[in-house]
Amino acid sequence: MRGIFRINGSHTTVSALYDHYASQDEDGDAVSGTVRCPTLPDNIQCDEHDVASAFKKFLSGLPGGVLGKIWLFEALVSIHDQLGIDPEMTKTRQTKVRARLIACAISSHPSRFQRDLICAVFGLLCMIGRAAETAVREDEAGRPLPTHGLMGYNALGTIFGPLLIGELMDEYDPHRQEKLDAAGSSKPSTPPKKEQKYKHKKNKSAEESLIESKLASEKMKVANRVAEMLITHWRDVIRHMKNMGSMTDAVVENRKMNTRGMSGATSMQPLLRPSASESFFLRR
């Protein structure tokens with residue numbers, strides 16, 4: 001559908017959908033009555049844009065966003081930036097390495113629920129984005145088809161970039177490494193004189209506002225690029241996560257066999273299990 005997630009739904013309908021699902025946590029059967037229900041509520045008349053907007057509203061309210069951890073976001077930023085430096089690495093090789101590194105980073109998340117959420121969100125976005133990227137642009141007669149509004153990888157990345165870590169974006173510093181390098185190679189600067197401080201006091205507020213605005217814009221651009229990278233490589237990422245899940249299960253079983261007959265119950269930390277949604281997206 002053209003403009004999906006970009007075109008806003010009706011505010012009243014979106015609020016009704018949100019309230020329908022958000023209020024269910026008061027009931028013990030909330031999950032089975034709403035999340036597992038394959039149909040939308042009959043009493044709310046809604047279209048695709050209403051549902052998409054309600055979906056984004058839920059994601060925007062998650063503490064820590066879709067990823068949940070700022071260190072995971074920083075790891076993905078490094079994967080995006082560092083792999084483009086080596087000119088000798090072919091594009092195919094770069095894609096394979098990048099997908100595997102992304103899979104390793106996501107699989108290291110301590111929360112299985114968060115990993116399930118990541119798989120669900122980016123599995124959906126990858127499916128929508130791929131349909132747009134591979135859509136036929138011309139008919140049999142060579143006439144252009146109305147595909148300009150389809151939501152490809154870049155468009156989806158722009159929309160879901162701000163939802164990656166939510167309010168944790170305030171803690172992210174895109175120039176952190178540069179500051180560390182500069183601090184290690186330069187001498188400490190002398191504090192400014194009092195007269196200089198008061199001289200620039202009037203312009204300080206406007207100057208700081210401009211810097212903050214530029215920094216916020218830069219953060220959003222970084223987040224958008226990371227989101228686009230995840231959506232673009234997700235088909236390969238999920239394959240690596242599936243393989244790592246199989247290997248993890250084998251390691252756990254091996255450890256259980258080695259600990260039998262030793263001291264009853266084991267106190268070892270359980271390893272990460274594969275996401276429950278991975279097999280679904282692999283079939284799709």
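**Figure 1. The salt bridge of the structure.** A search of the whole structure finds one salt bridge, a term for a side-chain nitrogen of Lys or Arg within 4 Å of a carboxyl oxygen of Asp or Glu. The model is predicted: local features need pLDDT of at least 70, side-chain atom pairs count only at pLDDT 80 or more, and totals for chains, interfaces and linings use all residues. Residues are numbered from 1 along each chain as its sequence is written, and side-chain values use heavy atoms, with hydrogens and water left out. The bridge joins Arg239 to Asp236, with 3.0 Å between the closest N and O atoms. Both residues belong to helix 10 (residues 201–259), where a spacing of three residues separates them by about one helical turn. Helices (H or I, at least four residues) and strands (E, at least two) are DSSP runs, numbered from the N terminus. Arg239 is partly exposed at a relative accessible area of 41%, and Asp236 is also partly exposed, at 30%. Here buried means under 20% relative accessible area, exposed over 50%, and partly exposed in between (1.4 Å probe, protein chains only).

**Figure 2. Helix 6 against helix 7.** Two packed helices are described by the angle between their axes and the distance between the axes. For helix 6 (residues 112–133) and helix 7 (residues 153–160), the axes come within 8 Å and cross at roughly 145 degrees. Axes are lines fitted to C-alpha atoms, for helices over the stretch in contact, and angles run from 0 to 180 degrees between N-to-C directions. Helix 6 contributes Leu125, Cys126, Ile128, Gly129, Arg130 and Glu133 to the contact, and helix 7 contributes Tyr153, Leu156 and Phe160; contact means heavy atoms within 4.5 Å. Six of these residues are nonpolar, one is polar and two are charged. In this grouping Ala, Val, Leu, Ile, Met, Phe, Trp, Tyr, Cys and Pro count as nonpolar, Asp, Glu, Lys and Arg as charged, and the others, Gly among them, as polar.

**Figure 3. Aromatic rings around Phe5.** The whole structure holds five aromatic pairs. Rings of Phe, Tyr and Trp (its six-membered ring) pair if their centres lie within 6.5 Å; planes under 30 degrees apart count as stacked, over 60 as edge-to-face and the rest as tilted. The ring centres of Phe5 and Phe55 are 6.1 Å apart and the planes stand at 45 degrees, so this pair is tilted. Phe5 lies in the segment before helix 1 (11–22) and Phe55 in helix 3 (residues 48–60), so the pair ties together parts that are 50 residues apart in sequence. Phe5 is buried at 5% relative accessibility, whereas Phe55 is partly exposed at 27%. Ring pairs link both residues and Phe160 into a cluster.

**Figure 4. Lys57 and the ring of Tyr18.** The charged end of Lys57 sits over the Tyr18 ring, 4.6 Å from its centre. The criterion is NZ of Lys or CZ of Arg within 6 Å of the ring centre and within 35 degrees of the ring normal.

**Figure 5. The surroundings of Asn224.** Asn224 is part of helix 10 and is buried, with 18% relative accessibility. Leaving aside residues up to four places away in sequence, Asn224 touches Gly157, Thr158, Gly161 and Pro162.

**Figure 6. Pro63 and Ile165.** Pro63 lies in the loop between helix 3 and helix 4 (70–82) and is exposed, with a relative accessible area of 65%. The C-alpha atoms of Pro63 and Ile165 are 7.9 Å apart, although 102 residues separate the two along the chain.
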